Amino acid sequence: MAEAHSAVAFSFAITHEGVHVNYDREVLHVIWHSGLRSWRRNIHRFVNNVQCGLFPASISSLALTVGGYNALYLARDQYVSGFDISLGLMDKLKHHVKLEEPAQSVACCSIIACGCWFGAIMFMKYSLRLLYMYKGWMYESRGRGGKMSIATKLWILAVKLLTKFSRPMLYSYQGSLPRLPLPSLSLTMSRYLRSVRPLMDDDNYVRMQGLAKDFQAGIGKKLQRYLVLKSWWSTNYVTDWWEEFVYLRGRSPIMVNSNFYGTDAILLHPTHLQAARAANVTHAAFLFRRLVDRQQLQPIMAQNMVPLCSYQYERTFNTTRIPGVQTDKIVHFSDSTHIIVYHAGRFFKMPCYYKGRLLNPKELQMQFDRILADESVPEKGEATLGALTAGERTPWAEARTKFFNKGVNYSSLKDIEKSAFVVVLEEDEYDYSPDDPTQLDRFGRAMLHGKGYDRWYDKSFNVIVMKNGRIGFNAEHSWADAAIMSHLWEYVLTEDLIALGKYDDDGNCVGKVTCNPPVPSRLKWELNQECLQAIDTSFRVADALLNDVDLRLYMHTAYGKGFMKGCRLSPDAYTQMALQLAYYRDAGKFNLTYEASMTRLFRDGRTETVRPCTIESCAWVKAMEDKAIPNTTRVELLKTACNQHQTGYRDAMCGKGIDRHLFCLYVVSKYLEVDSPFLNEVLSEPWRLSTSQTPHGQTSKMDLVKNPKCISAGGGFGPVADDGYGVSYIIAGEDTIFFHVSSKKSSPVTDSKRFARQIEKALSDMKNLFEAVGKK
């Protein structure tokens with residue numbers, strides 16, 4: 001065994017003949033390379049942090065500034081008629097710098113030049129921050145016939161001048177991003193009341209107006225003052241509370257309720273060999289980690305001009321969620337050279353580096369083949385051990401403290417938690433067939449929850465590889481939002497299918513084996529009867545939860561964003577209106593709708609809520625159901641609804657949202673132990689339609705024109721409300737949209753397959769509507 005081999009790598013004995021030292025040269029060689037790799041990482045990190053701190057300037061500009069200033073000063077008599085460019089500072093410095101000439105002049109010039117250079121950096125950095133506070137460009141039309149204001153043109157010119165001569169790294173813009181602005185209380189109240197108007201009858205709306213007025217005139221003022229103080233003190237007044245109270249303090253299972261999933265590029269199937277696909281995907285994931293560690297990953301830029309906050313990338317790998325009795329915590333380890341592989345009920349620690357070098361796909365395939373060939377049987381309770389991470393959080397925290405705090409259990413658990421990520425080698429096959437949509441449904445369920453025990457749901461993400469080579473992932477949500485995981489997954493698919501995906505005729509990875517990789521080692525467990533009972537209890541909770549999930553994956557191929565843009569409408573707004581129409585037809589009424597948008601235009605930004613159910617969207621939906629209203633009127637109402645949705649989305653991105661502000665006011669009220677009937681009612685309103693668009697196109701390597709089948713089918717999440725739907729969608733290419741619809745089987749009012757049919761009908765009716773009025 002590898003661990004036993006390591007234990008005797010170095011030993012000594014004292015005898016009557018003296019001290020005898022025994023050591024394993026190979027193991028010491030590995031330790032030496034591991035130390036070198038760690039030092040190299042630390043040095044790279046230090047240099048990168050310095051470069052990011054100087055952005056938009058560079059270290060080379062310091063040398064140019066010092067050299068140029070010295071040249072100007074020393075040549076002043078000949079070229080500048082003796083004018084003192086230091087404005088008298090040189091004479092003052094010379095009184096303190098006791099050196100002989102010309103060293104004294106050079107030293108003083110260098111000090112002044114460094115001061116000027118540093119001042120210029122601060123000016124550029126804060127000027128850039130002020131420029132990024134401008135959000136007028138968000139509200140200007142960029143489509144055909146759109147006009148750009150003079151203010152935006154000048155803003156673009158200033159941003160380009162400040163950033164043109166610098167090459168940004170991943171975290172270069174972090175110091176230049178503005179803080180998330182805190183909206184005024186009156187503005188949030190008016191926006192909230194407008195958003196709930198179509199959901200309430202006159203009496204309830206008047207009652208809510210009264211509650212809002214009393215809150216704004218009363219306790220709301222005090223709560224707002226505390227938030228103002230927090231917005232001044234912290235880089236983001238929302239993010240830490242959002243992470244803590246929405247995610248980490250939740251005591252219910254994170255499987256289905258919090259974790260989300262992603263799927264394969266279902267139109268391609270490069271190999272049916274499980275080990276080969278796992279090897280390529282694992283190698284690609286480590287390449288992405290290398291880009292993040294070295295900050296070589298290019299920051300995402302909105303409109304190729306405005307950077308998005310990159311802080312969430314730091315915890316993508318080597319990260320786990322640790323359960324607590326009252327609250328969990330996120331733990332990120334600085335480095336990890338191994339992954340954990342789960343197969344046939346057993347956990348393996350698989351090294352992915354050898355002598356400081358990342359194993360290539362061919363070598364990694366050897367590792368996975370060794371695991372697949374291992375015929376050992378799971379220890380009692382080992383197969384279902386992962387159910388602890390799928391059940392209630394408090395029992396898991398208590399079990400972790402009681403049964404995993406020492407011995408082999410502690411050591412094995414640490415190996416899992418410190419791993420870069422987890423790879424699950426499934427024993428089942430899943431595929432896609434356009435003639436059998438239930439195959440895609442089963443595939444989605446496998447990604448969302450599996451069997452309730454065959455994932456380590458606390459890890460930042462699990463890569464799942466089916467027996468026939470299909471892949472997907474399951475990701476924990478507290479460490480980052482879906483856009484970060486989508487970026488990683490898009491990169492992995494691109495590397496696998498395009499860059500690395502040159503499988504040979506037999507489906508194996510290509511390349512040469514240049515070493516004999518370390519053999520993966522089985523993790524050991526000692527699970528007593530009480531621990532087995534805790535595992536079984538968590539499994540029964542997880543099993544009941546996953547068996548209640550009703551999931552439907554619908555692939556819409558009748559048309560996509562090409563037609564939507566031809567109608568001169570935002571594809572996202574168009575799709576959201578289709579969901580509003582589908583929900584009204586399904587439920588017979590309107591309900592509070594959640595759409596996630598990002599606030600990463602600001603430092604440490606995460607998400608904000610867009611409320612797609614508006615006065616305008618409801619007017620259009622009712623018009624669609626009224627046969628007496630002409631199509632031309634319906635089209636105008638749809639355009640008005642889409643424009644209002646776009647305004648709401650832009651407001652959310654620009655820090656003018658409703659729900660995060662109300663959430664923070666509620667947190668302050670709980671800290672102060674004051675009761676607010678208004679906040680209690682607002683925060684208890686269920687989101688019966690929770691939606692999210694999966695972003696794509698974040699990797700420049702993915703060219704969907706050349707490789708249209710490389711697009712992933714996207715991913716999804718579980719329902720937020722017991723009697724509601726969770727809908728995730730990805731507008732994939734010009735002619736395809738994937739919808740992931742989830743609900744609970746136990747609800748008598750929801751049915752995911754029925755709702756998917758309503759989405760299909762709504763999209764068809766909308767297309768027919770535009771074709772009827774002669775517009776595309």
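Author: The model is predicted, with local features needing pLDDT of at least 70 and side-chain atom pairs counting only at pLDDT 80 or more, while totals for chains, interfaces and linings use all residues. Residues are numbered from 1 along each chain as its sequence is written, and side-chain values use heavy atoms, with hydrogens and water left out.

Reader: Why is Val 424 called buried?

Author: Buried means under 20% relative accessible area, with exposed over 50% and partly exposed in between (1.4 Å probe, protein chains only). Val 424 has 1% relative accessibility and therefore counts as buried. Val 424 belongs to strand β12 (residues 422-425), where a strand is a DSSP run of E with at least two residues, a helix is a run of H or I with at least four, and both are numbered from the N terminus.

Reader: Which residues is Val 424 in contact with, leaving aside its neighbours within four places in sequence?

Author: Contact means heavy atoms within 4.5 Å, and the partners of Val 424 beyond those neighbours are Tyr 342, Asp 454, Arg 455, Asn 462, Val 463, Ile 464 and Val 465. For Arg 455, which is 31 residues from Val 424 along the chain, the C-alpha atoms are separated by 7.0 Å.

Reader: What makes β15 and β20 stand at the edges?

Author: Two strands pair if DSSP finds at least two bridges between them, and the open sheet of eight strands, with mixed pairing, has the order β15-β9-β8-β12-β13-β14-β3-β20. β15 (521-522) and β20 (715-716) each have a single partner strand, so one side of each is left without a neighbour in the sheet. Within the sheet, three bridges join β3 (residues 260-262) to β14 (residues 471-475) in the antiparallel sense, and Tyr 261 stands opposite Asn 474 in β14.

Reader: Why are helices α10 and α23 called roughly perpendicular?

Author: Axes are lines fitted to C-alpha atoms, for helices over the stretch in contact, and angles run from 0 to 180 degrees between N-to-C directions. Angles under 35 degrees count as roughly parallel, over 145 as roughly antiparallel, 65 to 115 as roughly perpendicular and the rest as oblique. Helix α10 (residues 219-233) and helix α23 (residues 659-672) pack at about 105 degrees, with axes 9 Å apart, and they are therefore roughly perpendicular to each other. Among the residues that meet are Leu 223 and Tyr 226 in α10 and Leu 665 and Val 668 in α23.
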